[in-house]
Amino acid sequence: MTFNDTLEETYTALSANKARSGLTVLGIVIGIASVIAMVSVGQGASSGIQSSIQSLGSNLIEVTPGAARNAGGFGASSGRGSATTLTQADADAIQSQVQNVSALASEVSSRQQITARGTNTNTTVDGVTASYLQIRNLTMDQGSFVTDAESQSLAKVAVLGPTAASDLFGTDDTQTDGLPQDIVGQTIRIKNMQFTVIGITASKGGSGFSNQDDMVYIPSLSAQRFLSGNSAVSTVDIQATSADVMTQVQNDVTSLLLSRHGITDATKADFSVLNQNDLLSTVSSVSQTLTILLASIAAISLVVGGIGIMNMMLTTVTERTREIGLRKAIGAKRGDISKQFLVEAVTLTLVGGVIGIALGVGVALGVGALGLITTSISWYSVFLAFGVSAAIGIVFGYYPARRAAALNPIDALRYE
Amino acid sequence: MIEVKNITKTYGVGDTAFQALRGVSFTIEDGEFIAIMGPSGSGKSTLMHILGCLDTPSSGTYQLDGKDVSQLSDEELADIRKDKIGFVFQSFNLLPRTTVLRNVMLPLVYAGVEAGERERRATVALAASGLDASHFFHKSNELSGGQIQRVAIARALVNNPTLILADEPTGNLDTKTGEIVLGTFQKLNEDHGRTIVLITHEPDIAEHAQRIITVRDGVIVSDSKRHQRRNARHAE
């Protein structure tokens, strides 16, 4: 019996029972497609989160006032505004005394109601220094960013994030950036003080922890003088010269601030130093757990699909007992029979596997294209799903095939 | 040529052992048309299984074309069935939802005959069994009982066997269709010189053969050649 004959027998047998073959294939399709789609959602989520953390700036260390809570508590609200233990003098000391700091920017942020032309919005007003642009990987869309001279001179100038700009000045769909081109030069009012708009930052995409598009930047000294009324800063952003010196910079900053604040017990520090890499590793481990969770749910459906195949093959063997008896009577050997049933099982899984991969990739791409969630198809999940389905076909097909082949032709022929 | 010498078959062991055949001997020459008769439980089915190489005897020898096949393994028996034996069953046992031609070609698939030759030989066998060529591509479930049994006969013929074994071939057919099928066997025997062994429990079916072996309680009680066999009406 040649391989072509086996394939032909398989085709005849499977097409003779289209509904049942179809349902069995469906089980495998759902199993494989869900593995691929779910792993791609998990992977997409983790790479999305990672890139949005990266986009905050590279080799970044953030110092915030208030006691450290935990690494995961990093965010817009942890400690910010609640403590005033960090000052511009601390920032200056770090700049002058810690080695391997390539740039440093202090921020003074607060939530403010902002009005312009009768519209108003409530957003974060961030008092920044000129180096903030570099540290945060920001680029300008229109106009220019706050300069050091403006910081020193208490200038009442403001740079808008694109979301804040459209909230205040509306949109213009004819422009590539979607914003009216005459915003620079207009004035906005913060706490009843007029600030002149000198620039708009380019959009960074509003995903991740803090939305850098919905921001208004003003010089930090102006923020301290006009908005907060003290010399406290809410964040010091430090950019290390390379990833290798992050730990050294973090340790130096911690010991410098401890001594400046007169604290001997590091656990009682009134500030916290967060390393971007710590955050990244925390987030990656969380998203990895998520991926494993999703994949294991999907794996269960894959196994259920496999049991479906075994179930169908066993039913088939029972139902076709007389056919097996006949085939043996006219000269089929054990090997011919077991090969035929094995090929049937493997064909079902392969067909299911191919459709499942197509469906899984399609769902992943579709969900990604709809913008519901970022997905990233990893080829290892495709190979894994396909490998598992092939293994299921062989393993779950082998037992019924053996059972069929071992039947005694006399008993098989008499079977009712 | 078939030579059976002192064959016994015992099922089970110890107290529950049951001896289905208690020493059966006979010889069948090429070109004979034999009926093996006997009531149910007589051992005729066991005898047929052994003749058809579906089973091996507990003792005794069975020579098929000069080769002792009584103690072969399962795999060797499959080879003998493939090359030397054609089966016709009471319940036809065609593959359902499969064309007539494919059904007839099935033994050739296992015999490793190449595809073009299969179809040629299947067509010849179908013609010999008297099935009209217009039915070759019909599915087996679209045929009448008599037509189905002719397909089964063609399938038994297609590998050019030494022996055609028919186990109650008319049992599921009405008298008229049964006559047609018996006529087909007679024709194959007379015109093509096929050796045919027909197993039946009905005397008037057995009368279509040239020689009747009657089995009862595991032994042969009579073995008679008939000078005048009953002719099936070659209807159609």
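A crossing of two helices is left-handed if the near helix is turned anticlockwise from the far one by less than a right angle, and right-handed if it is turned clockwise. By this convention, helices α9(A) and α11(A) cross in the right-handed sense. The structure described here is a predicted model.

**Chain A**

The secondary structure of chain A consists of 13 helices and 10 strands. Of its 416 residues, 44% count as buried. Among contacts in chain A between residues at least 6 apart in sequence, 81% join residues at least 24 apart.

Helix α9 of chain A spans residues 276–319, and helix α11 of chain A spans residues 334–370. Their axes come within 11 Å and cross at roughly 145 degrees. On the α9(A) side, the contact is formed by Ile309(A), Met313(A) and Val317(A). On the α11(A) side, Phe341(A), Ala345(A), Leu348(A) and Thr349(A) take part. By class, this contact has 6 nonpolar residues, 1 polar residue and no charged residues.

**The sheet of chain B**

Chain B contains an open sheet of 6 strands, in the order β6-β7-β8-β3-β9-β10 and with mixed pairing. Strands β6(B) and β10(B) stand at the edges, each with a single partner strand, so one side of each is left without a neighbour in the sheet. From one strand to the next, the twist averages 20 degrees. Strands of a sheet pair through backbone hydrogen bonds, in either parallel or antiparallel fashion. Strands β3 and β8 of chain B run parallel and are joined by 5 bridges. Within this pair, Ile34(B) has Val197(B) of β8(B) as its bridge partner.

| Strand | Residues |
|---|---|
| β3 (chain B) | residues 33–37 |
| β6 (chain B) | residues 85–88 |
| β7 (chain B) | residues 163–167 |
| β8 (chain B) | residues 195–200 |
| β10 (chain B) | residues 219–225 |

Helix α5 of chain B, comprising residues 145–157, lies across β6 and β7 of chain B. The helix runs at about 170 degrees to β6(B).

**The contact between the chains**

The contact takes 18 residues from chain B and 17 residues from chain A. On the side of chain B that touches chain A, α2 (74–84) and α3 (100–111) of chain B each supply at least two residues. Helix α3(B) gives the most to this side, with 5 residues. The residues of this side of chain B divide into 9 nonpolar, 4 polar and 5 charged.

Key
Residues are numbered from 1 along each chain as its sequence is written. Chains are lettered from A and ligands numbered from 1 in the order in which they are written. This is a predicted model: local features need pLDDT of at least 70, side-chain atom pairs count only at pLDDT 80 or more; totals for chains, interfaces and linings use all residues. Two strands pair if DSSP finds at least two bridges between them. Helices (H or I, at least four residues) and strands (E, at least two) are DSSP runs, numbered from the N terminus. Axes are lines fitted to C-alpha atoms, for helices over the stretch in contact, and angles run from 0 to 180 degrees between N-to-C directions. Two residues are in contact if their C-beta atoms, placed from the backbone, lie within 7 Å. Ala, Val, Leu, Ile, Met, Phe, Trp, Tyr, Cys and Pro count as nonpolar, Asp, Glu, Lys and Arg as charged, and the others, Gly among them, as polar. A residue is buried if 20 or more other C-beta atoms lie within 10 Å of its own, exposed if 12 or fewer, and partly exposed in between; C-beta atoms are placed from the backbone.
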